[in-house]
Amino acid sequence: MGGVNAAGRTSGHQAYRRSILEALPDSAQAETLLGLAALMRLADASDGQWRDDRGQPLAAAEVVERYRQRILDHTLIRRIEDPRFGADGIPANRQARLDIEAPLVFRLRRRQLPEVLPETWQVRELDRRQVEVTVPAGHLDVLLPERRAAQVRAAGQLPSGFEPESLYRSVHHPRGLSMAVFGASDCLGDSGLAWESLRDRLDPDAIAVYAGNSIGQLDDAGWGGLLKSFVSGNRATSKQMPLGYGQMPADFLNAYVLGSVGPTGAIQGACASFLYNLRLGVEDIRSGRRRVVMVGTSDAPITPEIIEGFRAMGALADDDSLKALDALELLTDEDYQRACRPFARNCGFTIAEASQFVLLMDDALALEMGARILGSVPGVFANADGWKRSISAPGIGNYITLGKAAALAREILGEEGLRRRTFLHAHGTSTPKNRVTESHVFDRIADAYGIEAWPVVAVKAFVGHSQGSAAGDQIASALGSFAYGLLPGIPTLDAVADDVHAERLAFSQTPRAFDADASLINAKGFGGNNATGLVLSPRATERLLEQRHGAAAMAAWRGKRDATQATAEAYWAQADQGQFRVQYRFGEGVLEGPELEIDDRELRIPGYAQPVSLAVDNPFGRLDD
């Protein structure tokens, strides 16, 4: 797994550890804070000696002591740090009609004139560069520049100081794509495997990439800048159109990180997008069509326009709503940090950015390679809501997806396994509607399967709602819980709201120990995009593998796994010191077709050890001449 969100880096469980920081031993707390200090460029140890941002040497303990509070204040949900959301306000324009009583005369550069002049304008040349324009008395429609006070000031932003585009040769890349490059690279580092060695063992068509996001790249380097180019007076660039597409994270991985020629694509399912793409990967591997699939999403929606769109829907926790919720006159930094309150009295979700990737393998290949097994995904279920009044309101599809995931968990773990050793990773958006509807889904399914106190985790309380990447945040957290035996609490849950269906659910404000065999990852998206994925723990996965492959195969795997683990730990150590190995290979090994060797059975590609088989399944019958 790899990526980054408001809690930190995904690999090595850094972001997960940030969410349970106070429950960790002092040594693990210090390790987490040191890694975050390096991620945030507060300090680094690239030469083996910790130094602050001015190059002054520090002991590791001094780094932790000096920067602890700064790290706590500038990770997770907090006041938006983009200056546009500050006191000066967001740059904007307001339509106006000027009533001109006398002719208006002004000067400007020739190149700033409109291409088609209004009929009433009179233009006189002053020199080669400047002209004088006279506008007769009457009406003049204009746009007046203004600054609009931000109405939403809380978000789950990447840790302050971390800029993924600075880690490789990015040129006007949208933020979401820079995050995707980092996230996929982090995933490769976390695997402990050499990608080239893995790729060389396989038919290139046995590797797939399914990655995207929920709404494309809508910052200024993508479609956001393109769509407002005319009205803003800026020129559209040649990159904004192609880089804005929602499947572009997959395209970037194929072209610049993995060099994959296998199946690719992305499914957009609003807030369930990560699980939709995970479902593609799981089904590909279960069918035997693919052996390795990288799955992920990367969303960077913290822009004034996207935030305004969600605010206009009444979906976001804006400043006025937060004040009303707590009867406050002013909001402090601490109030913004508590903006997201799943299953408590709440007023809307908190938008966030995140990039999350996982590497899936079939079980035989995982054992052969000595892969680190963080867990397994036996199934992902997706269902729509059917007839709806409001396209954004919840419906009935989530009852189906959660019910199926629970049924699969029971088939694998047994009745007691489902009831005693599973927990829920809620979508938990912090909207009044979600707290009622999602808890009702949980309650009804718990009742159907005889579950009396189903533990509920809601990580959006820490990292906010990263749109299509939300379930990726949840899965990364679940894998952390398997590794550490702790479920994150919901720190903003002062009390469960009265309208939450909590009779069969177990909520906690603080981390709690839990011996888990599986987690059910739940997602509910606008438009009726519901998905629930079942993720099994490493312990449960290894027991299933031993049933299938035998004790000797598992013993051989453990011998290989130890070397893989050591390589992964070396990567974590480097990353924790601020040394990131971002994979970005622009223009390397480019092929256009004439280099290929092709016959009617296989296709050979220079640089790829194995050929692409042209054998295909034909279930349709044969019509011979």
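Colleague: What does Arg558 form with Glu542, and how far apart are the closest N and O atoms?

Modeller: Arg558 and Glu542 form a salt bridge, with the closest N and O atoms 3.5 Å apart. The term needs a side-chain nitrogen of Lys or Arg within 4 Å of a carboxyl oxygen of Asp or Glu. Bear in mind that this is a predicted model, where local features need pLDDT of at least 70, side-chain atom pairs count only at pLDDT 80 or more, and totals for chains, interfaces and linings use all residues. Side-chain values use heavy atoms, without hydrogens and water, and residues are numbered from 1 along each chain as its sequence is written.

Colleague: OK, and where do Arg558 and Glu542 sit?

Modeller: Arg558 is in helix H20 (residues 551–576) and Glu542 in helix H19 (residues 538–549), 16 residues apart. Helices here are DSSP runs (H or I, at least four residues) and strands likewise (E, at least two), numbered from the N terminus.

Colleague: Is Glu542 buried or exposed?

Modeller: Glu542 counts as buried, at 18% relative accessibility, while Arg558 is partly exposed at 31%. Buried is under 20% relative accessible area, exposed is over 50%, and partly exposed is in between (1.4 Å probe, protein chains only).

Colleague: How many salt bridges in total?

Modeller: The count comes to 46. One of them joins Asp205 and Arg290, with the closest N and O atoms 3.7 Å apart. That pair spans 85 residues, from the loop between helix H5 (195–200) and strand E12 (207–212) to the loop between helix H10 (273–287) and strand E14 (292–299).

Colleague: Switching to rings. How many aromatic pairs are there?

Modeller: The whole structure has 15. Rings of Phe, Tyr and Trp (its six-membered ring) pair if their centres lie within 6.5 Å; planes under 30 degrees apart are stacked, over 60 edge-to-face, the rest tilted. Trp223 and Tyr245 are edge-to-face, at 5.1 Å centre to centre and 65° between the planes.

Colleague: Which parts does that pair tie together?

Modeller: Trp223 lies in helix H6 (residues 223–227) and Tyr245 in the loop between helix H8 (240–243) and helix H9 (248–258), so the pair ties together parts 22 residues apart in sequence. Trp223 is partly exposed at 21% relative accessibility.

Colleague: Last one: what lies over the face of Tyr608?

Modeller: Arg199, at 4.6 Å from the ring centre. The rule wants NZ of Lys or CZ of Arg within 6 Å of the ring centre and within 35 degrees of the ring normal. Arg561 also lies over a ring face, that of Trp557, at 4.7 Å from the ring centre.
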